[in-house]
Amino acid sequence: MSRMKFYCDDYRCIDCNGCVVACKEAHEIPVGVNRRRVITINEGIEGKQKSLSVACMHCSDAPCQKVCPTDCFYIRTDGIVLHDKDKCIGCGYCLYACPFGAPQFGHEGIFGVKGVMDKCTFCAGGPDETLSENEFEHYGQNRIAEGKIPMCASMCSTKALIAGDASEVDKIYEYRTAKRGDNTSLKPYGWEAYNNGK
Amino acid sequence: MSPRNSTELLNSKMGRRSFLKMGALTSVGAVAVCSASEPIVKATPQQLKEAYPGSKKVKTICTHCSVGCGIIAEVKDGVWVRQEVAQEHPVSLGGHCCKGADLIDKVRSTNRLRYPTVKKDGVWERIGWDEALDSVSAQIQALQKKYGPDSIMMLGSAKVSNEQSYYIRKFAAFMGTNNIDHQARI
Amino acid sequence: MANTLGYGGMTNHLGDMQNSKVILIMGANPAVNHPVGMQHILKGKENGAKIISIDPRYTKTSAHADLFARIRTGTDIAFLYGMIRYIVKNNLHDKQYLDERVFDWESIVVEAEQYTPDVVANVCGCTAEKFLEVVKLFAENSPGCLIWNQGWTQHTIGTSNTRLGPIMQMFLGNIGKVGGGCNILRGHDNVQGASDMANLSDILPGYYPINEGSWKYYSGQWQVDYEWLKGRFKTKDMMEKKGFALSTWPWGVIDDENAENNAGTPLKALICIGNGISTITMTHKTKEALDKLDLVVFIDPYVNDAAVITDRTDNMFLLPAASQVESSGSVAATNRSYQWRSQVVKPLYEAKEDHDILFEFAKRLGFYEEFTRSLKNGKPSYEWPEDATREFNRAVKTIGLQGVTPERMKRQQENWALFDPLTLRGSGVVEGEYYGLPWPCWSDKHPGTPIMYRTDVSVMEGGMGFRAGWTDKGPDGKPVVVAEKNGQTLLAVNEPIGSRFKGGHLEITADNIESFGITLTAEEKEKVKGKNWKNDNTYILVNKALEAGLCPYGNGKARARAWDWADQLPKHREPLHSFRQDLVAKYPTFEDKKDHYRTNIRYASEQNKQNWVADFPINVVTGRIVEHMGTGTETRASKYLAELSGEMYAHIHPTLAKKYGVDNGDMIWVHGTGEGKIKVKAVYSYSVAETDIFMPQNFSGLWSGKSLVDKYPKGTAPYALGENSNQVTSYGYDIVTACPETKCTLVRIEKA
Amino acid sequence: MESKTFWECNKAYILTALGLGVVGFVFVGFLMIMDWGYLIQYTMHALIGDTSGVLTAPASELEQMVNAAFGPAYNSVAPEIIRASNERQEYIWYVFFAEIMIFVFLYIKNGRVTPTITRPNDTVQVLTSFQRAVIWLNIGMISILVLTGFNITWGLRSEGGDIPRILREFHELTGLAWIGVWLVFTVIAAKDMKGWRKNSTFRHFLPGSFKPSKRVIWFFYAAMGAALCFSGAMIITLHPSSLTHADVIQFRRVLLYLHFGASVLIMFFILDFVYASAVSVKGYLKGLWSGNYPREYLEQVAPDVLEDLKKAGRA
């Protein structure tokens with residue numbers, strides 16, 4: 001079974017913020033809500049500066065879904081984690097549970113307190129009628145339904161950000177690391193490496 | 001989607017306890033156990049559909065830097081509705097930096113200059129095109145007469161098309177001056 | 001660069017960088033300024049290229065480089081000479097290439113002799129080991145590609161930088177090679193095109209010099225009488241005299257002494273079409289000039305920030321121009337590719353397209369009929385922009401725009417998927433063409449030239465030697481025919497393959513064409529009588545030359561020595577406001593130059609005025625940030641970009657900050673060597689050297705701590721405002737092009 | 001007072017602390033998956049101003065990136081949040097069961113005191129309008145907070161939607177408003193404390209003097225309120241932002257956990273308040289509303305209050 005995944009190649013990411021703006025402009029997201037963001041560490045330190053674009057990782061066992069009191073999350077068969085804004089009460093538990101800081105809250109409720117949650121949809125819209133106006137308003141474009149890849153990855157200036165079926169993403173990753181020949185494929189990028197403390 | 005699936009999750013001790021013990025997203029094995037009881041909602045039947053039926057895809061070029069990235073603009077009824085990805089452009093291959101990704105803002109922007117404006121006695125005033133053009137032309141002519149054509153400085157732009165550039169240079173020549181320059185100088 | 005190789009354009013293209021084995025990026029930051037270009041560089045890296053970044057700052061590009069060397073701003077020449085010296089000493093230079101294609105390269109070797117690694121280390125402020133590491137890596141991998149940008153041009157010695165860069169590349173035989181080349185990355189989207197179309201005060205479209213011959217040629221092209229055109233100017237001398245430059249015009253307003261350079265009048269009016277004039281140095285002088293002018297007209301889609309900087313209260317017009325997406329036409333990318341930009345939507349609001357505004361002005365100024373005569377070209381009406389494209393197709397022969405027709409550009413746009421990103425070569429309906437028909441594209445059969453100066457392909461596939469069109473007079477003072485120096489010919493020794501004439505040759509003229517083994521019929525001879533390839537409207541000379549496999553502009557040698565310039569050989573000269581006062585005596589700047597773009601420019605007198613570094617001990621580097629473009633007039637008006645980068649800042653090294661007691665996030669006052677001062681937020685960063693601060697150049701809207709937001713017409717203020725860094729940049733202009741010195745600026749700071 | 005032993009003096013405090021200790025031990029030892037070592041260290045770091053949660057310098061670039069992008073040490077606190085928010089849905093019933101048991105126990109032990117009132121018209125004003133306003137505001141706000149809080153906890157039952165969302169927003173706003181009421185209650189809790197002030201400075205807030213068993217309830221009410229106010233307000237103020245996310249997320253997680261814990265514990269003391277005001281003494285509730293109590297009521301149930309009022313010349 002295919003699962004949709006993002007992968008950001010830190011060897012290619014140049015912190016141009018293209019993905020961030022592509023996402024915001026495509027889905028007309030209000031200022032202050034960043035479904036995707038770019039993180040740079042060690043800025044200016046020789047040989048150590050690295051940038052990475054992060055958003056919802058569309059976990060196989062999404063903790064946001066586990067923690068949501070109103071059960072507004074659902075996972076599609078292709079692994080995309082989506083949520084129902086009509087159900088969301090904006091409590092923010094998903095943000096605490098998310099390892100990646102994906103859920104975002106704009107100021108839209110009464111007296112400007114935080115409104116309902118917004119997060120990366122892998123450009124797959126939401127539970128509203130596919131490609132309807134309602135869907136666009138709530139979740140932005142549904143590019144998956146149109147047979148297109150998410151905006152951020154397709155507009156990535158250096159093709160650092162890759163999105164698509166996990167096995168395809170894996171192939172690209174393998175190809176690139178093999179070409180670079182620096183054994184990066186032996187250094188897995190992810191929580192497992194992190195947990196091993198290496 | 002099934003509405004009560006989280007209740008089912010809560011009630012299925014096995015799934016929940018194993019989740020609690022493993023903490024979070026660490027063990028792949030546990031994930032497999034977990035996902036057995038996980039609610040999976042089938043995607044609605046998706047077929048390739050157009051988000052903007054009947055829209056026209058206009059190919060154009062990004063207006064920011066000199067790389068010349070391709071842009072595909074989806075235009076419906078004279079309105080630029082969406083910026084599409086020019087995946088097949090031979091230089092950019094669909095890529096954009098944040099400025100290029102934001103190109104559609106040129107037509108969405110709310111703080112564009114909308115009409116000819118003149119500063120008069122310290123305040124901005126809206127005027128008509130004809131009035132503005134007449135007034136500027138008359139003043140240019142007066143200055144040319146009084147001080148000669150070289151009293152006018154023109155600055156062209158690296159942002160306009162070649163055709164317009166060519167005509168800006170030609171305009172300066174017809175104005176009788178070489179006082180014309182643009183951003184190549186910086 | 002044009003004076004060295006023949007043309008000033010980027011020699012290769014971005015996709016070609018994937019073929020390089022080593023990429024030297026000096027005075028450029030493509031990761032920020034050309035992020036999509038960086039894609040190709042990074043792919044090149046994956047293909048095994050080593051990337052070297054030389055910069056005063058550890059930039060986002062440096063973060064992806066294999067090797068980074070930090071040098072002091074404005075010392076690139078010393079570095080390059082050091083490289084050449086090492087290359088020659090270790091016999092790494094391509095001697096055959098140099099002998100065949102480069103004129104007087106030996107004097108460069110002599111000049112380079114003094115730049116030993118220790119001298120380089122002393123001047124540039126990097127260690128000799130680092131320098132040797134760089135030069136070894138670059139010289140020992142081939143092909144090597146050199147990239148530069150405004151980090152090289154915005155110096156008093158900018159032109160020397162851009163001459164020595166190609167010369168260094170030629171020592172390695174890297175020019176005219178796949179994966180090699182000198183790649184100057186342009187700034188704005190159509191800088192290349194606007195330069196080709198000569199929005200410049202010293203040339204006419206196609207780099208025709210402003211002499212009588214060119215004016216006559218252009219009167220012909222514009223279908224107006226030369227005498228009439230001459231009558232538009234004050235005198236014939238003024239017609240053939242370089243005008244004010246973008247960087248120097250404020251002095252034409254403020255300083256009355258410049259009036260004598262400008263036909264006895266100071267500047268009285270400014271018509272600014274889409275130009276962010278606060279990106280030139282010394283904005284406070286620009287403000288002074290704007291305040292003093294009689295008439296100011298800004299033609300922009302957004303409110304030009306200069307309109308709020310000035311304090312003038314009257315006679316300032318803002319005319320709404322259509323944005324680029326509301327207009328169509330061709331644009332030239334950095335690699336000389338002409339791409340067709342289609343109109344996406346009709347102009348919004350009351351905006352008008354720029355050419356329409358000009359036509360309206362022409363009507364009112366009484367030359368509309370003459371202005372559009374060549375546009376109609378005999379037809380009753382014209383079709384914009386295609387007829388204008390055809391007009392410059394006809395007119396601009398020097399850089400070979402004959403083949404860049406609107407039809408071909410549109411077909412390419414339609415089929416851009418059919419081009420190979422690596423070579424830009426098309427297939428299918430665009431078989432054989434290169435994407436964007438990079439000039440020179442000699443005829444409508446020519447595919448364009450993605451990589452210039454290649455001799456391993458035929459002329460009809462984009463091959464060519466260097467241009468045999470150096471200047472009017474050779475080094476011996478005689479007109480260039482076959483000039484010689486020490487028995488060395490100025491003509492190349494080799495030729496592009498497929499050339500029927502062996503060896504170098506001069507540019508094609510009606511007189512010499514038959515000496516290259518080309519025969520013309522009597523009728524053809526009559527038609528081209530007295531013409532040369534640059535002004536032959538029948539194209540017979542060009543087409544015949546192409547048939548014979550000859551490049552119309554000849555086949556000469558690149559000039560390592562520009563005998564008609566102030567510095568015949570590029571020389572390191574300390575900036576006017578040098579951080580190393582002790583080196584000023586050894587590497588002094590030029591003598592003051594009178595009437596430089598109609599302005600009297602101070603060089604030596606400014607440098608020697610005082611010991612600048614004693615009072616202004618901090619070096620400033622300015623540059624762009626990825627979220628904003630130019631002054632940011634457009635980008636700061638975008639809410640998303642303003643959100644990402646909404647505040648002006650100064651990157652300061654923590655060690656330097658400590659000295660001034662500045663904490664991260666504190667506000668500091670930055671005082672320039674002029675009178676300007678700005679109040680900015682200090683942000684700790686290790687990317688700058690301990691002696692430097694970095695400031696983005698893209699902000700405007702605050703003025704010495706005061707907000708100008710109220711001065712915008714209602715509802716037009718951008719979202720992000722910030723201090724304009726050019727208020728503190730120093731005086732100084734390039735000796736040839738008058739490019740402002742933005743990169744070597746001294747300031748002093750104090751905690752606000 | 002002098003004759004009382006330490007035990008007699010502080011029995012109520014000790015018993016309450018013990019009771020909470022047992023409950024806490026059971027929770028911490030058997031039910032929680034929080035990394036307590038981390039939490040304690042974290043608290044110490046937070047006290048000196050470092051709330052980022054990065055306790056040890058990152059050992060690898062990867063860890064550094066994780067810290068910068070996602071926030072540090074996900075596995076120490078977040079799983080507990082996930083567990084807690086799930087268990088609250090299920091186990092909070094048991095907490096209520098325990099609380100009701102205490103309620104019943106108190107009733108059985110103390111029963112309901114019924115003062116004999118013969119002169120219903122001879123009343124004394126005990127509570128001023130300000131005092132009553134505070135009390136009733138507290139009652140109202142706490143009711144709203146409890147209800148809207150349960151609305152979040154039991155979102156699954158309501159299945160979300162606009163009304164629960166507005167209720168949730170109301171929870172935040174009411175919580176902020178309650179801070180004022182809580183401040184008054186804090187003052188009341190500290191009233192007449194030994195070593196506080198010689199003479200009762202805060203007498204006018206509430207007449208009478210506290211018995212230890214009474215005071216401990218006030219104390220814990222104020223303390224739990226403090227935890228709730230602080231965590232709630234901080235959670236609202238440190239609004240989620242992608243730019244500061246990594247710096248504050250761990251702090252927010254800890255705060256949310258504090259909020260969870262305090263909200264469960266404060267329920268005990270709220271229920272005691274319900275018992276005390278509605279059940280323990282007949283006529284007490286009525287007086288809360290009107291502010292006046294019959295003199296006989298005071299003589300029989302709260303002579304200390306009457307004494308105070310007499311001193312103040314109000315009775």
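Analyst: In this predicted model, strand β7 (residues 152-155) of chain B and strand β9 (residues 269-273) of chain C run parallel and are joined by 4 bridges. Within this pairing, Met154(B) faces Ile271(C), a residue of β9(C). The pairing links two chains whose contact draws on 96 residues from chain B and 133 residues from chain C. On the side of chain B that touches chain C, helix α7 (residues 162-175) of chain B gives the most, with 12 residues. That side of chain B comprises 45 nonpolar, 32 polar and 19 charged residues.

Chain C itself is divided into three stretches: domain 1 (2-184), domain 2 (191-402) and domain 3 (612-751). The centres of domain 2 and domain 3 of chain C, taken over C-alpha atoms, are separated by 29 Å. Where these two domains touch, 18 residues come from domain 2 of chain C and 29 residues from domain 3 of chain C. On the domain 2 side of this contact, the elements that give two or more residues are α16 (283-292) and α17 (306-309) of chain C.

The next subject is an open sheet of chain C with 5 strands, which has the order β3-β2-β1-β5-β6 and parallel pairing. At its edges are β3 (67-70) and β6 (182-184) of chain C, each of which pairs on one side only. Direction ignored, neighbouring strands of this sheet are turned by 15° against each other on average. One of its pairings can be followed residue by residue: strand β1 (residues 22-26) and strand β2 (residues 50-55) of chain C run parallel, with 5 bridges between them. There, Met26(C) stands opposite Ile54(C) in β2(C). Helix α8 (residues 128-140) of chain C lies across β1, β2, β3 and β5 (144-148) of chain C, and the helix runs at about 135° to β3(C).

With strand β22 (residues 677-684) of chain C, β21(C) runs antiparallel, and 5 bridges join the two. These strands, β21(C) and β22(C), form a hairpin with 4 residues between them. His671(C) has Lys677(C), in β22(C), as its bridge partner. Strand β27 (residues 745-751) of chain C also runs antiparallel to β21(C), and 5 bridges join that pair. In this second pairing, Val670(C) stands opposite Ile749(C) in β27(C).

Another open sheet of chain C is formed by 3 strands in the order β25-β24-β26, and its pairing is mixed. Because β25 (706-707) and β26 (722-723) of chain C stand at the edges, each with a single partner strand, one side of each is left without a neighbour in the sheet. Strand β24 (residues 701-703) of chain C pairs with β25(C) in the antiparallel sense over 2 bridges. In that pairing, Trp703(C) is opposite Lys706(C) in β25(C).

Notes: Residues numbered from 1 in each chain as written. Chains lettered and ligands numbered in written order. Predicted model: local features only at pLDDT ≥ 70, side-chain atom pairs only at ≥ 80, totals over all residues. Contact = placed C-beta atoms within 7 Å. Nonpolar A, V, L, I, M, F, W, Y, C, P; charged D, E, K, R; others polar. Pairing = 2+ DSSP bridges. Axes fitted to C-alpha atoms, helices over the stretch in contact; angles between N-to-C directions. Domains from an automatic or database assignment.
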